[in-house]
Amino acid sequence: MLVNEKVAIEHGLKAEEYKKICDLLKRVPNLTELGIFSAMWNEHCSYKSSRLHLKKLPTKGDKVIQGPGENAGVIDIEDNDAIVFKIESHNHPSFIEPYQGAATGVGGIMRDVFTMGARPIANLNSIHFGSPQNKKTKNLLRGVVHGIGGYGNCMGVPTIAGQTTFDSSYNGNILVNAMTLGLVKKDKIFYSKAAGLNKPVIYVGSKTGRDGIHGASMASASFDEKIEEKKPTVQVGDPFTEKLLLEACLELMAGDSIIAIQDMGAAGLTSSSIEMASKGSLGIRINLNEVPCRETKMTPYEIMLSESQERMLIVLENGKENHAKKIFDKWNLDFAVIGKTTKSKNIELFFNDEQVANIPVNTLVENSPMYDRKWKKAKLPKKNKFKNEDFNNLKIKDILKKILSNHNVCSKEWIWQQYDHTVMGDTIQKPGGDSGVVKVHGTNKAVAASVDSSAVYCWAHPLTGGKQVVAESWRNLISVGAKPIAITNCLNFGSPENEENMGEFVECVQGITEASKYLNFPVVSGNVSFYNQTKEMGIKPTPVIGGVGLIKDYKKMVTMKFKEVSNLVLIVGKTEGHIDQSLFARTILDEKNGPPPEVNLFNEKNNGESILELIKKDFIKSAHDISLGGLLTAVSKMCIKGNKGIKLNKSKNLINEIEYFFSEDQGRYIIEINPTDFKEVSKILDKNSVHFEELGIIIDKELIINQKTKVTIDELKSYNTNWLKNFMSS
Amino acid sequence: MKSSVITFPGSNCDRDMDVALKKFGFINKMVWHDDNELPKSDLVVLPGGFSYGDYLRCGSMASKSRIMQSVINFAKSGGLVMGICNGFQILVETGLVPGVLLRNKYLEFICKNVHVKIDNKENPYFKNLDNNIFEFHIAHNEGNYFCTKDQLKEINDNSQVAIYYCNEKGQIDDQHNPNGSLKNIAGIFNKEKNVLGMMPHPERMIDQSLSGEDGSLFFKNLINNIK
């Protein structure tokens, strides 16, 4: 096939990008070369619309060993231990084929982590679906949950936390973001930078098939009515092979045979070989006849662009081939020497003794396009003025019932019970808490992790929303007693070619930057997913933050369940009564406008650090941060988990009772303490100038709001636990 | 006391079992599926996981692994062999214990704590335990026990049911049957009671900070019984 502008455009390239390729090569590329360019220059691989803005993110810190740019980020958790972690999207494939799309998303992110030498110790996920009324939602949810479980369970890695939301903006584009944490010794981390000339380049893992060709390009475009035709671009996962690949790689990594290693993820053999060559400033020559293929008569084009799963590319030390082969033979995996490193700085491909591609590596990487897209700044919406009569006819118990059973607040047990969350025997806080927590095997340390997003806030005001997500992640870690260390982000947005969508991206990134800088909570890895849109309809901006923190003594971990009758419950942080964009405003008042709650980073930091101080001194018996649904929702969840009630004091706060209970002001926590510790606790909070109020006393089996309003724990449970189960079986 | 845990390709609870056995005093060895011979053992464990990716049928390919001939001989000579979860699935495939394990009734993987009731303590696994009801953890997709009427009669005649799913008071009913197992059967012995297959994972219940501690009671008792 002759290559021309039309063929290039069919590959998803723009006319001017094609011209740039011809200029860089000083000739017309052949079809294989064009395929390679299209794979490297698409949005998913090149970050061409986002790179400029991502540079602003704070990526350094005294605990950061590796920031963005590698397969995953790495942080120091002391004693020569390090945590490798990253989040990644698999949105487009999951909408087309939910089981395989979600499964290979989980497989891909685990590979990113064990490529660096770390054994995966925890998985998390953030999944977002269309409205429950949308006829596709149920099947997509079921498929995605089965896919995530099918892959993670088989790998034997516990899924310890997650987030599920429903919103009509995801009707045509669901989001599936998967995160993995791995544990590695600080001095045994592996990188993807090739080094040395004439070193053997090794292919290991599954055979290459025709699945997933152009997967990364598909993920860089919007959907239209021809979406069904895209099914063959979805990869098919095999967690069994990945489990073998994990064990074989870790076995080989125990020695000193590996110079560089890179998994074959998006754009397969193309991006893995080019990234290794680019980082090492050298060339790679590959004989494509040596690549193990699953199907016959595969062309160089297909071999280079296949996204078959469970494959790795390794640059070995000379003479280690036999040693490595023995390990992969033991695990019944393919092993082939397919090429070597060269000084040419080109990627040179041969097939049937003919050269089929020869491209300077820098043209693919450094010279890839970068765009300063036009973007529109969002205005802060005007506050709604609510009057007392807006609330007069509302009964607190009715509101509470509606909120606890709301699809975005209700218990997601139906989902996480399908994920093995206890395998590896180190899970000390399972899903359903503020963060998942796993022990660092064989030590007294534990690692906490949480995934969060607040698309509604980001949609109402991206800058505030971006800040808020980081703050929420920080609070979720603190609520379990973990010191927050770093984050990974998955930035899910609509088309960057649309000024409003691009503006949402730019300002969310700005918000994330401000918050993570202020909280010393740097970004060490991440992923951008644009074009989450079907025709003209884009998703609400959904940056997802995966936070990781350390608990030095796992026995000091805190949970949200109320522990003991007659203990005192405090609310830490000030309640101002911000109702706009709260779940209450949106679902009960049907008011969708207004600004999200303000994020005061000084208070976030101060309140959070004060909570950690109290935990360190053993004052806190249970803790929970206040987020979606407000104060009364948070208290109810603590009651449900602990199977205990609470008698609330009459609030001294001057705002309306409904605003007090359901506003979503930020920076707040609920904590349980022993009444005898009250003096000490208030002394510490006063010293730190932290606002707090006495909320109530723990009692048996009943939430007593005031003389007129009482709710039993069984009622609370029935509101909260049934919605999802009923929805899925209806 | 010496134990051996067999690692098949795709096993993923082998390390957890190793940790648990060592914690309660066993000297444990990990044995590769492709080995010919078992090391000298007082107990052999087939751990949980997805041996051979559950391809063909859960446990079927692992049951034909090279090491399994030694395990079968060891069992037939009276040695203690315990299969947990996927290990139970492997045991039914070898025919060492009767029955089969089907997909869970609601076709979903289940990971949660359950209660089980011990039916029969006249065996090396449960002898001397104080309690009859234990809180264990399950995590499986194919734990729905089934056998023919004739097999069930034989199982009952020989008191081969090891544990039943029940509530915290020991009541055995449909409401507390997590996966649709026939008669709420969660674990089963061979006739001689030296081979035990069960779906629950006692090795995930060995620390208060994990899911609970009833697994500790089980392992402590087991090693004392073997001594």
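A:Ser281 sits in the loop between helix H11 (268-280) and strand S9 (283-287) of chain A, where helices (H or I, at least four residues) and strands (E, at least two) are DSSP runs numbered from the N terminus. Although A:Ser281 is not a glycine, its phi is positive, at about 50°. The residue counts as partly exposed because it has 13 C-beta neighbours inside 10 Å; a residue is called buried if 20 or more other C-beta atoms lie within 10 Å of its own, exposed if 12 or fewer, and partly exposed in between, with C-beta atoms placed from the backbone. The model is predicted, so local features need pLDDT of at least 70 and side-chain atom pairs count only at pLDDT 80 or more, while totals for chains, interfaces and linings use all residues. Residues are numbered from 1 along each chain as its sequence is written, and chains are lettered from A and ligands numbered from 1 in the order in which they are written.

A positive phi is also found at A:Glu310, a residue other than glycine, with a value near 60°. A:Glu310 lies in the loop between helix H12 (300-305) and strand S10 (311-316) of chain A. A:Glu310 is buried, with 27 other C-beta atoms within 10 Å.

Turning to the sheets, six strands of chain A form an open sheet with mixed pairing, in the order S14-S15-S16-S21-S17-S18; two strands pair if DSSP finds at least two bridges between them. Strand S14 (427-429) and strand S18 (523-529) of chain A are at the edges with a single partner strand each, so one side of each has no neighbour in the sheet. From one strand to the next, the twist averages 20°. Strand S17 (residues 483-492) of chain A runs parallel to S18(A), and six bridges join them. In S18(A), A:Val528 is the residue opposite A:Leu491. Helix H19 (residues 462-479) of chain A lies across strand S16 (446-452), S17 and strand S21 (542-551) of chain A, at about 30° to S21(A). Such angles run from 0 to 180 degrees between N-to-C directions, with axes fitted as lines to C-alpha atoms, for helices over the stretch in contact. Two residues are in contact if their C-beta atoms, placed from the backbone, lie within 7 Å.

Elsewhere in chain A, strand S24 (residues 645-648) and strand S26 (residues 692-699) run antiparallel and are joined by four bridges, with A:Ile646 opposite A:Ile698. S24(A) also pairs in the parallel sense with strand S27 (residues 702-704) of chain A over two bridges, and here A:Lys647 stands opposite A:Ile704.

Chain B has five helices and eleven strands. Of its 227 residues, 52% are buried. Its C-alpha trace spans about 45 × 35 × 35 Å along the principal axes. Among contacts in chain B between residues at least 6 apart in sequence, 75% join residues at least 24 apart.

Where the chains meet, the contact takes 22 residues from chain B and 23 residues from chain A. On the side of chain B that touches chain A, two or more residues each come from helix H1 (14-23), strand S6 (110-118) and strand S7 (133-140) of chain B. S6(B) gives the largest share of that side, three residues.
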